[in-house]
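Thanks for coming. I will keep this short and talk about how the parts of one protein meet.

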Amino acid sequence: MVSIEMIVAARARLRGRARRTPLLSSPFLNEIAGRRLFVKAECLQHSGSFKFRGGWSAVSGLDPAVRTRGVIAFSSGNHAQGVALAAKLHGVPAVIIMPSDAPKLKIANTRAFGAEVVLYDRANEDRDEIGARLSAERGLTLIKPFDEPLVIAGQGTTGLEISEQAEEEGLTEAEVLVPCGGGGLTSGIALALEASAPGFRVRPCEPRDFDDTTRSLASGRIERNASMSGSICDAIITPQPGKITFPILKRLAGAGIVVTDDEALRAMALAFVRLKIVVEPGGAVALAAALFHGEALESDTVVTVTSGGNVDTDIFAMALERFG
């Protein structure tokens, strides 16, 4: 359902809209990791995360008559902001369904992009039901956060950039560690690298107790998380891998790597001190895996994606106080 041709087409639509985010490095981080380490800083993307790529790809890919009626999305924050900004730039309405416990910064940013925010209790309410009802009432088009071909294609443009930047660095083989929720970014990058850098292998990274993709890859079938709350890595907490994303990951990805919340916080602090970038907890899990789980890696070179930087000040301050 998603092809390299779709990713290339998404890149053409994103040209002049998305940033080509930098591939950063630090000898201090290399020493901790015990290997060459590169960081793809998607926390510097528009709206503060890679989600702008998928949001723009999906909104721009709609039939104009359909797009004019508006779009709806559900998200803990980064997909919300990506879709809201894409809708604003297209001049169409956006309704975003967000959990009431989402970081305040993400809720505020989504509203600032002009979207109508509908809050729900993620423990007791069904966001799918809310989304289906509002879509039917208002004629809005639902843009799913990860299990949507146009979204996956947009996220896959990150992989095309990684392959180009790796070539500039003279890299031909590496493991590519990606923060993984439902798998849209991870599967999109995997498809892009399969075509453009076959010596690179994607590894999904997740927080402890929310490792549905890691467990699914190990068992060969989709596994669900027992809970939907309890980690500071809110951006990548999802019930289970997607029906579209999981087959892609099952075919192309290596084993998942699981990190603790404390390791994510420590990675955030190191990213700030050594690379001068702000990363949110969920966006830091791949960097944490590279820095603190070297025994799980097979290559001498690793590329990690810092997927988002939309972190509340109290969480960021805690990371710096404890590990900075």
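What you see is divided into two parts: domain 1, covering 4-49 + 149-323, and domain 2, covering 52-142. Please keep in mind that this is a predicted model.

Let me begin with the spacing.

Next, the interface. How many residues of domain 1 are in contact with domain 2? The count is 28 residues of domain 1, and they are in contact with 21 residues of domain 2. About 2,100 Å² of area is buried between domain 1 and domain 2. Carbon and sulfur atoms give 52% of that buried area.

Now the polar side of things. Between domain 1 and domain 2 there are 17 residue pairs in polar contact. The rule also finds 4 salt bridges across this interface. If you want a salt bridge to look up on the screen, take D234 and K106, whose side chains meet at 3.1 Å, N to O.

Which helices each supply at least two residues of the side of domain 1 that touches domain 2? They are helix 1, at 4-14, and helix 8, at 149-168. Helix 8 gives the largest share of that side, with 8 residues. Sorted by class, the side of domain 1 that touches domain 2 holds 9 nonpolar, 10 polar and 9 charged residues.

Note on methods: Residues are numbered from 1 along each chain as its sequence is written. This is a predicted model: local features need pLDDT of at least 70, side-chain atom pairs count only at pLDDT 80 or more; totals for chains, interfaces and linings use all residues. Side-chain values use heavy atoms; hydrogens and water are left out. Domain bounds come from an automatic or database domain assignment. Contact means heavy atoms within 4.5 Å. Buried area is the accessible area (1.4 Å probe) that two parts lose on being put together, summed over both. A polar contact is a pair of N or O atoms within 3.5 Å; within protein, one must be able to donate a hydrogen and the other to accept it, and residues adjacent in sequence count only if both atoms are side-chain atoms. Helices (H or I, at least four residues) and strands (E, at least two) are DSSP runs, numbered from the N terminus. Ala, Val, Leu, Ile, Met, Phe, Trp, Tyr, Cys and Pro count as nonpolar, Asp, Glu, Lys and Arg as charged, and the others, Gly among them, as polar.
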